[in-house]
Amino acid sequence: MSLFSLFKKKKVPGSTKGEIPDRGILVFDNTSEVIRAETTLKAKGLNIRVMGPPPEIRSGCDLVIEFPLIEELNILRALKEVDVAPLQAVPVNSPLLQPVDLFQTKDFGRYLMVRAANMKLTIDKESQTIVNVSGGGCPDVPYLAQEMVGRVLSDAPDPGEIGHTLCGYALKLAYEEMKQRCLERS
Amino acid sequence: MLGIVGTIPDKNFPLEQGPVRFENDRIKINERWIAVNRGTPALLAAAVKAGEVLGQPLPYSYLVGDIGLGDGSRRLYENLTREFPASDFSTLTFHYLQPDVDWHNKVLFAVEEMKRRPFLIADAGFMYMAKMSGQSEAYGLFTPDAGELAFLADEDAPHPFYTRGFILHEENQMPDLITRAYKHKNAAQYLLVKGCRDHVASKDGVLSVVDSPMNDAMEAMGGTGDTLTGIVSALIASGMETPDAAVMAARINRLAGHYANLTPASRVMEIIAHIPRAMAEIIPH
């Protein structure tokens, strides 16, 4: 394949306007929140920019912040620290897409696995010890597994606190779902 | 020679490149030892083990520490754009890396500058980037699991986290998802889809299904997909045709898991230890 054919323009997944496909947008209630969020995120060295909202977004003010989608968890945590909560965080190419909300569980007898999107969390039902974390492709997955496996669910670090990426976000959902199921069992 | 690019879950691990050994249940690059639990170290350990059986040279790896902030990955990408044009690999496997479309495209440009274009394999974060950038067809093999196949099949999803709910990643949906991924040009030349039943596919549809030995526990274990990608990388680097290598790798990984007598709490090292035995049984002499 030649260099030119390799980079011959192809429609980016979900794109109708040629946006960069790995970016997301944060929607806020008012402009002062946008400014506070921009200041906070830029101070952390994050690659963001303020822009006008796409037409699909029908809520919020006249400005949004574009951000690296993969770092959504990291960015939402930074904003929570300064008490600025966006109304929405969505992919820039397809603002109407929603995070997965389907959980799948698999009962292995002694062990229970919960899957959210591409992430799976498995515990020993008796001791509630996390015995495995699997799936995912972002670099915080091996790190999160390293920190969580072998720990009792109630004492394990929350992937929402120590993860950074969308895979970490998916693991956080699986972790919360698992905690809920354990609560229901007890 | 096989080249492998990935990350280590330690933010202090520096950028290292060189041949990788596997000794005493750990991998070694230059003077650094790395534990093998999952992720790129598991892929490397499996590739070294398989390469030994095949009489192949040690894989050459580019590694950096990254815990999800992307800083290590971006340093590694920058290094690859300088190193690749003068490098020579028959096969290059990209693994756990922070998705960044701009850097993906720069790395792919650097690959195109190599005198001999290597066969490209992408798994994990780099596979996400290949799809997001619209360059899936530049790759020879993707190795998604069932959830990641649904992401490839969803032409709108920028990450598996945003895969639309109506695109179900159930085992019985795999042929349809494979067709949809190829229809939207979001699949590599070949797919090796990891699941309860492993599927090898191309644009012509499902070529082979590998479903034995069956071991449910492997789905819950971290690193079983990494070992599969490591084994198939070694087989392809040895000169085997991709569909044959994919089927054989799936069978080897399953048989190694069978010999390890796995539970959902098992560790991937238990599989890696049995790779030579499984290969001895499956590869024709």
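A residue is termed buried if 20 or more other C-beta atoms lie within 10 Å of its own, exposed if 12 or fewer do, and partly exposed in between, with C-beta atoms placed from the backbone. Helices (H or I, at least four residues) and strands (E, at least two) are DSSP runs numbered from the N terminus. The structure is a predicted model, in which local features need pLDDT of at least 70 and side-chain atom pairs count only at pLDDT 80 or more, whereas totals for chains, interfaces and linings use all residues. Residues are numbered from 1 along each chain as its sequence is written, and chains are lettered from A and ligands numbered from 1 in the order in which they are written.

Helix H4 of chain A (residues 140–148) is largely enclosed by the rest of the structure, because seven of its nine residues are buried. Among them are A:Asp140, A:Tyr143 and A:Met148. The buried residues of H4(A) pack against strand S8 (129–135), helix H5 (159–162) and helix H6 (166–185) of chain A, together with helix H1 (39–54) of chain B. H4(A) is followed by A:Gly150, which has a positive phi near 95 degrees.

Chain A also holds an open sheet of four strands in the order S2-S3-S1-S4, with antiparallel pairing; two strands pair if DSSP finds at least two bridges between them. S2 and S4 (88–91) of chain A are the edge strands, each pairing on one side only. On average, neighbouring strands of this sheet are turned by 30 degrees against each other, direction ignored. Helix H2 (residues 31–43) of chain A packs on the sheet, touching S1, S2 and S3 of chain A, and its direction makes about 25 degrees with that of S3(A). Axes are lines fitted to C-alpha atoms, for helices over the stretch in contact, and angles run from 0 to 180 degrees between N-to-C directions.

Strand S3 (residues 64–68) of chain A has four of its five residues buried and is therefore largely enclosed by the rest of the structure. S3(A) pairs with S1(A) (residues 23–27) over five antiparallel bridges, and A:Pro68 is the bridge partner of A:Arg23. Three bridges join S3(A) to S2(A) (residues 49–51).

Between the chains, 50 residues of chain B are in contact with 50 residues of chain A, contact meaning that C-beta atoms, placed from the backbone, lie within 7 Å. The largest share of the chain B side, six residues, comes from H4(B).

Notes: Contact = placed C-beta atoms within 7 Å.
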